[in-house]
Amino acid sequence: MDNSFFSYLQQLELLAFFSGYSLIYAVTFFIAGKQRLKNDFKDRIVSLLPFSYALVGTLYLALQLKNLYPDYSIENIKLTMQHPLLTAWGLLAILFWIPAFRQKKVLCLAHNLVFFFLLVRDLFLQLFALHGDTNIIGNDMKIYTYSLILNLGIFALIVLLSFSFLYFKKRLRY
């Protein structure tokens with residue numbers, strides 16, 4: 001088999017983890033509104049965006065470690081990584097666990113736009129190709145949907161854990 005198939009699979013893997021975050025980010029900021037009111041709920045939700053992105057990056061790291069198991073040698077990593085720069089860029093999402101990176105929420109979006117660009121690039125290449133394969137667009141849209149579900153589920157989990165932690169913290173005070 002050609003390496004282009006495995007390269008395409010690894011690109012779909014990256015899209016599945018990271019491409020849906022930009023829409024979750026945009027919707028969350030739209031809901032929070034431009035006007036900063038003294039609404040703790042909206043502020044809290046917006047502040048949890050980097051946590052969910054960092055968790056997605058951690059899950060991507062876990063998948064890469066699972067794929068490399070049991071041989072974590074440099075040679076095996078070189079053989080299995082078809083997009084080493086994009087993979088490394090995806091793994092940089094783990095940096096958003098660090099408070100200095102987490103405070104600037106726009107950095108998450110800037111980091112994520114690389115993966116969203118891959119999706120848009122595939123759409124434009126297939127749209128303007130004279131005899132393009134429509135399966136690529138279908139695959140990208142399915143993967144984008146799965147990415148939206150993954151990112152929305154992780155964001156909902158983070159929000160639920162955060163508010164339940166605050167609830168139990170307040171209950172312990174009284």
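Reader: What share of the contacts in the protein with a separation of 6 or more comes from residues 24 or more positions apart?

Author: Glad to start there, and please keep in mind that this is a predicted model. Contacts here are heavy atoms within 4.5 Å. Among those in the protein with a separation of 6 or more, residues 24 or more positions apart account for 79%.

Reader: Which element gives the largest share of the largest nonpolar core?

Author: That core has 29 residues, and Phe 18, Tyr 53, Phe 115 and Phe 155 touch the most other members. Two or more residues come from each of H1 (3–18), H2 (21–32), H4 (49–68), H8 (105–127) and H9 (134–173). The largest share, six residues, comes from helix H9.

Reader: Which residues is Phe 115 in contact with, leaving aside its neighbours within four places in sequence?

Author: Phe 115 is one of the core residues that touch the most other members. With those sequence neighbours set aside, its contacts are Leu 14, Leu 15, Phe 18, Ser 19, Tyr 53, Leu 86, Trp 89 and Gly 90.

Reader: What percentage of the residues of the protein count as buried?

Author: A residue counts as buried when its relative accessible area is under 20%. The protein exposes about 11,300 Å², with carbon and sulfur atoms supplying 71% of that area. Of its 174 residues, the buried share is 33%.

Note on methods:
Residues numbered from 1 in each chain as written. Predicted model: local features only at pLDDT ≥ 70, side-chain atom pairs only at ≥ 80, totals over all residues. Heavy atoms only, no water. Buried < 20%, exposed > 50% of the residue type's maximum accessible area, 1.4 Å probe, protein only. Areas by Shrake-Rupley, 256 points an atom, 1.4 Å probe, with all protein chains shown as cover. Core = buried A, V, L, I, M, F, W, Y, C linked by side-chain atoms within 4.5 Å. Helix = DSSP H or I, 4+ residues; strand = E, 2+ residues; numbered from the N terminus.
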